[in-house]
Amino acid sequence: MRFDKMWQRLYRGIVLGCVFLGDASLRADRIGEMDSISYGGQFLRFFSMEDPLLRTVLLGSLCLGLCCGLLGSFIVVRKLSLVGDALSHAVLPGVAIGFIVAGEKDPVAIFIGATVAGLLGTVLVSLIKNTTHIKEDSSLGMVLAGFYGVGVVLITMIQKTSVGNKAGLDKFLFGQAAALTDKEVGVMAIVAFVSLLVVVVFYKQLLVGSFDAAYSKALGLPTRFFHYLLMLLLAFSVVISLQAVGAVLVSAMLIIPASSAYLLTDRMHRMLILACLFGMITGAFGAFLSYMGPNLATGPLMVLAASSVFVVCFFFSPKHGIISRWLRFRRRANRVRSENSLKAIYQVRESLGFKGEGVLLSDLGDRMRESAKEVKSRVDALVRYDLADLKVHDDSCEVYLTPEGWVRACAVVRNHRLWELYLTKQAEFEPDHVHDDAEVIEHILGEDTVRELERLLDFPTRDPHGKLIPSLTDLQRTLTYASSKGEEASGYSMPKG
Amino acid sequence: MSGMNEFLNNIPEFDFEEVFVIPWSEFGDSFIWIFLMGFFVTATCGMLGSFIVWRRMALVGDAISHSVLPGIVIAFLVTQSRDTMPMFIGALSAGVLTTVLIEFIHSRSRVKTDAALGIVFTTLFAIGVVLVSIYGENVDLDTDCVLYGEIEYVSEDTQVASGPLAGVPLQVARMGLVAVAVLLLMIVFYRQLLVCSFDPGMAQSMGVSPAVVHHGLMILLSIAVVSAFEAVGAVLVISMLIFPATTASMLSDRMPVIMGLTVLIAALTSFFGMHLALWLDVSTAGAMSVVVSFWFGLAWVFSPRRGLLARVMKKKVDLFAEQN
């Protein structure tokens, strides 16, 4: 049920994101062209896979999204997000050298060169970290910038040669999915398949290594091997994404879909699935948008699609979203507020020796040290929750607790006093130091804890200040007693101490 | 391997005369500006970098250097001019927005800081790139400039019309001003910066607010990054920011010495970077970045106290002492 709701929200979010992005690209300076071909028609044409050229692009971006989501999840939970960033810049000289050696834009040569460069980069990061006092963030930054600088120099040199001139190596910086060839998509598909296979086969090992490195070492797992395996796969997926997303923004495709998934679930396998889905959806969508506008590089559009998904998750994720967290916070604050009001009503009645049923609002106000207006609004809240009734007389108002309200009031007071007693008896606090602590904990103690406390304290009847503690049996008796005898609603009588 | 050969054949013969002498004797003017621009950029970033690196904010620098792009582009689009002020304001607000957003995402959700950083700057950068590619013609800014910088064209920039700096290209004058301002601020607020970077608790007790210093440093960083942006591009700023500082810190522990060294490294980097670019006919910013990483490589291996060689030697000496 909960999951359904989540999906619904997700779906709505994605649609919203699409509308936002679609709108942005429609406003581009190509509105004239847009008019002649319908947007929906193009959408269908792109996603129906009929046109072989478009099919290549679509399949490529799906593979890319899958890989990035899959490996991105691991680096996000391992807090290695910025390693992804460094790696994606570090592959650049490898791309250039692969190109130089092959003499043409050969995907396999570029793939090998880039992977080697990427791995060299990660090795260098740990080498710098291990042999100098320089911290990890700086060593990441150095590898990122140093390799990138070499890459830029090599690429500008290549562009001066006769082949390099028209090879479009600069497309590797921001990506152009439309330039994907069948051979490249083949490499992408193989990498996607291999990554998927590795993750499925070594799922448990990778999982343990990601969340508890010490435990995984204790189990005798080759932690270092799995770390480098992950880095290798990461380098692979960065490399295959280069053509479509570009070196500068690959890290975004690694981090953003995975972080969005991270906001939605606590289970790793669900996170992996969601991240792959997000990666594929945003990848395909980015490619589609870039196909709509010939001048638009694919990378930034994919990233924007992914960020829109992230923004939606950030606000509306059922468990971790800002809005749902805020709602939960408000609900809890309301509960604490009404429990405090209930407690105050109990205390007023107690001070009157439980004579009469109603409590005057003015008495309640004195007890709570609040203004009449505030007291009224609190009581109104209680009435809304069916915990109390309000009777208005000519010159005063009286509040009556319903049976449920009375039981809740007793429970809160009971929690409070039991905790005070516990602190004085077991933790040897002074009796005048325990109130504030109890004031907080009374709202949180669960039924089990309360019973445990009661057992520990040997079923006490009085708190450290000499006041009676409403006991569990009293509470239960109240309910049965009230209903069977048909007495007044709040027929709870205190044990004659 | 034919590609390899062609590539190697394309590397021009190294000719000392042509690479090092002729530029200065024949086109002295334009080269002095390129050199000065490179020097100012690297020195400014290097001085700031010494603190940034110590405070473990190297990657925040990276993030800011990417995310000023949309600020700059939007400022262009709104004012339709390349004036300095709107560009500064746009970039500064983008820089501040970056730090605020990172903090917001990090504190309001379970996303960790590193991931939050990665999300924010890539998104802002992507927005910038999309804006550039849609409105590229209008803003006179292309993606190449974003990636590699255009330090080569610095001498063709409009020149300062009057005043003591008349005749100096505008960009160089601006960058020089920023460099001087950064240097002065560093000298004036040296104590505060130092104590906040090494012991925030003590700073608090001395009445220096670490938060104020942090934000001040962020603003300075944004200013430095935006003025360096056109010269070296978004990505290579980060090498100017980190490398001089880490190289210097391989050689010394004292902050004043480190900062002096970064300035020296800046001069060397700018000089050799420019000539490397001349020789190979490649992007100057890229060549400077290669040169500056080369200095780090040297320091890493040969640093008298911390270098790899020194470590190996020390191990040998220890071993020898143990055996006897």
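Let me begin with terms: strands (E, at least two residues) and helices (H or I, at least four residues) are DSSP runs, numbered from the N terminus, and two strands pair if DSSP finds at least two bridges between them. This is a predicted model, in which local features need pLDDT of at least 70 and side-chain atom pairs count only at pLDDT 80 or more, while totals for chains, interfaces and linings use all residues. Residues are numbered from 1 along each chain as its sequence is written, and chains are lettered from A and ligands numbered from 1 in the order in which they are written.

I turn to the strands of chain A. S2(A) and S3(A) form a hairpin with 4 residues between them. Strand S2 covers residues 388-392 and pairs with S3(A) in the antiparallel sense over 5 bridges; A:Ala388 has A:Leu401 in S3(A) as its bridge partner. Strand S3 (residues 397-401) also pairs with strand S1 (residues 359-360), again antiparallel, over 2 bridges. There, A:Leu360 is bridged to A:Glu398. Together they make an open sheet of 3 strands in the order S1-S3-S2. S1 and S2 of chain A are the edge strands, each pairing on one side only.

Next, the nonpolar cores. A nonpolar core is a set of buried Ala, Val, Leu, Ile, Met, Phe, Trp, Tyr and Cys residues joined through C-beta atoms within 7 Å. A residue is buried if 20 or more other C-beta atoms lie within 10 Å of its own, exposed if 12 or fewer, and partly exposed in between, with C-beta atoms placed from the backbone.

Which residues touch the most other members of the largest core? They are A:Val91, B:Met37, B:Ala228 and B:Val237, in a core of 227 residues. Helix H11 (residues 210-251) of chain B gives the largest share of this core, 25 residues. A second, separate core of 20 residues includes A:Leu342, A:Ala388, A:Trp406 and A:Val412.

Finally, A:Asp437 lies in helix H21 (residues 435-441) of chain A. Why is A:Asp437 classed as partly exposed? Because 16 other C-beta atoms lie within 10 Å of A:Asp437.
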